[in-house]
Amino acid sequence: MSVARLELRGIAKAFGDLQVLGELSIAVGKGEFVSVLGPSGSGKSTIFKLLTGALRPDTGAMLFDGAPLQPDHRPFAFMPQRDALMDWRRIIDNTTLGLEVQGIGRTAARRRVAPLFAEFGLSGFEHHYPAQLSGGMRQRAALLRTVVQDKDMLLLDEPFGALDALTRADMQRWLETMWSRHGWTTLLVTHDVREAVLLSDRIYVLSARPGRVIAEVAVPLPRPRRTGAAVAAIEAGILDLLLSAPTQRT
Amino acid sequence: MPFIRPVAGRAATAFSRLWPALLSVGGLFLLWEAYAQLSGIPPTTLPAPSRVLMQGALQHRALWDNTLPTLTATLLGFACSVSAAFALSVLIDFFRPLRRALLPVFVISQTLPMIAIAPLVVLWFGFGLAPKIMLVALVTFFPMLIALVQGYAATADEIEQLVASMGAPRWRIFLIARLPSALPFFFAGLRISITYAVVGAIFSEYAGAAKGLGIYILNAKNNFRPDLVLAAVTVSATLTLLLFGATVLIQRLSMPWLRLSGSESP
Ligand SMILES: Nc1ncnc2c1ncn2[C@@H]1O[C@H](COP(=O)(O)OP(=O)(O)O)[C@@H](O)[C@H]1O
Ligand SMILES: [Mg+2]
């Protein structure tokens with residue numbers, strides 16, 4: 001394999017006495033959809049805090065295209081765990097947030113996002129406020145805000161965690177379609193095994209805290225994927241792994 | 001969509017929420033009127049509400065003349081207070097240690113009894129507008145400052161991390177995320193402060209002024225005219241209510257998204 005787009009080597013992070021990540025190593029290739037799957041509290045969101053520069057790792061290296069990540073240049077578009085839409089901005093102004101921060105003028109920024117509203121199922125809602133949208137629409141708006149930044153890689157933190165099961169399944173299918181069409185290099189963290197299997201090319205399975213990779217699972221299923229025997233088999237295998245992994249119970 | 005309540009419905013709910021208050025206040029005034037009329041108590045001791053209104057109407061020119069200086073002191077003092085509270089809240093937000101250094105000073109400033117401080121401020125700064133502005137600012141500043149500092153702190157972590165991940169420096173994070181997050185708190189503080197402002201202005205006039213509702217009240221009292229004292233009090237209460245209403249209106253106009261979600265400010 002050539003040089004990975006993103007590579008984390010032996011990343012460790014502790015908060016005081018609490019070791020959250022222990023020697024985590026993962027790699028994401030260009031155009032690949034990779035998931036980090038782990039129980040709540042295993043340090044998944046912490047990985048993204050390290051990548052976006054909100055925190056610094058205690059040890060280890062973070063490489064992008066083979067070179068260490070620079071603090072002033074982050075090639076990621078990040079979608080936080082909750083949608084983090086700003087109540088006080090209309091949907092269109094929420095989606096242009098990243099462009100605005102990049103210094104692109106309001107008119108130009110709007111011109112850039114406007115054509116994407118149809119594809120994201122948000123046509124006609126440009127001038128609504130977030131409070132007027134359903135949960136699924138809010139997530140799509142948050143994702144639109146993320147992809148329109150045109151960064152090299154997407155970081156998605158449990159994007160559908162807050163949705164009801166039906167909407168979540170619907171959104172997972174939609175995201176897979178979008179991903180197949182656009183080929184975004186994506187790192188997704190989730191605690192939802194089925195979500196990881198449905199969406200990913202590869203899955204890193206994390207142990208409970210401190211998070212380490214206990215398995216790397218390739219998902220060689222054709223797309224578009226639908227729940228069925230093949231998905232269920234992989235899902236069951238991963239669940240076995242997670243449940244039989246040695247954990248420090250408290 | 002179910003988010004926007006119809007206007008007629010909203011007016012109706014406003015009325016259904018108001019009528020208990022109207023009833024109790026109206027009942028109270030009726031009792032007062034009846035007692036003053038029937039008990040034979042002299043109007044120089046307890047004037048009936050009708051007499052307060054009549055005498056107030058007769059004196060409306062003098063009342064208005066004395067309302068204007070009070071209103072000026074209130075608005076100027078309040079404007080100074082809001083600007084100072086805003087400037088200081090920004091400083092505190094950017095230099096956290098300032099918070100611990102300054103807050104005790106302001107807490108102490110809130111414990112000063114107005115009745116002792118007002119004559120001193122007038123003694124030091126004269127009978128003009130300046131001491132009145134200072135006193136109004138003194139009583140309104142603290143709730144504003146606390147509201148703003150709390151408001152910034154209430155910014156959602158995800159939103160801050162998101163804006164930071166986009167490469168925004170500290171000051172842009174403040175403008176894009178922290179300042180708008182503080183808006184509901186700002187207006188809550190504004191509503192509390194404005195109710196202190198008019199009373200603060202009247203108190204400062206009481207301690208020494210050429211004109212104003214405070215002076216008018218003082219003179220009426222010295223002339224044994226409780227009816228005129230109460231007329232002036234009515235004017236001051238009306239003023240406070242109007243200013244309060246204005247802050248609510250400004251909030252509605254500047255935060256249109258609150259009306260849509262049906263959620264109100266904290
Ligand atoms: N800033 C912090 N200070 C102290 N502990 C933290 C901090 N951030 C996260 N943690 C702790 O680290 C653990 C992992 O958190 P997180 O990365 O959010 O897990 P996940 O996203 O996998 O649920 C949790 O136990 C959490 O309480
Ligand atoms: Mg998390």
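Tutor: Domain bounds here come from an automatic or database domain assignment. For chain A that assignment gives domain 1 (1–61 + 68–75 + 152–250) and domain 2 (84–150). The model is predicted, so local features need pLDDT of at least 70 and side-chain atom pairs count only at pLDDT 80 or more, while totals for chains, interfaces and linings use all residues. Residues are numbered from 1 along each chain as its sequence is written, chains are lettered from A and ligands numbered from 1 in the order in which they are written, and side-chain values use heavy atoms, with hydrogens and water left out.

Student: How far apart are the C-alpha centres of domain 1 and domain 2 of chain A?
Tutor: Those centres are 25 Å apart. In contact (heavy atoms within 4.5 Å) are 13 residues of domain 1 of chain A and ten residues of domain 2 of chain A.

Student: And what area is buried between domain 1 and domain 2 of chain A?
Tutor: About 980 Å², with carbon and sulfur atoms giving 73% of that area. Buried area is the accessible area (1.4 Å probe) that two parts lose on being put together, summed over both.

Student: How many salt bridges does the rule find across that interface of domain 1 and domain 2 of chain A?
Tutor: One. The rule wants a side-chain nitrogen of Lys or Arg within 4 Å of a carboxyl oxygen of Asp or Glu. A:Glu119 and A:Arg181 form a salt bridge through their side chains, at 2.6 Å from N to O.

Student: Switching to ligand 1. Which residues are around it?
Tutor: Among them are A:Phe15, A:Pro39, A:Lys44 and A:Arg209, where near means that a heavy atom of the residue lies within 4 Å. An N or O atom in the side chain of A:Arg209 is 2.6 Å from an oxygen atom of ligand 1. Backbone N or O atoms also approach oxygen atoms of ligand 1, at 3.3 Å for A:Ser42 and 3.1 Å for A:Gly43.

Student: Now chain B. How many residues of chain A are in contact with it?
Tutor: 24 residues of chain A, against 21 residues of chain B. The two chains bury about 2100 Å² between them, 70% of it on carbon and sulfur atoms. A:Trp88, A:Val101 and A:Gln132 supply 32% of the area that chain A buries against chain B, more than any other three residues.

Student: Which residue forms a salt bridge with A:Arg82?
Tutor: B:Glu158, with the closest N and O atoms 2.8 Å apart. The rule finds one salt bridge across the interface of chain A and chain B.

Note on methods:
Polar contact = N/O pair within 3.5 Å; in protein donor to acceptor, adjacent residues only side chain to side chain.
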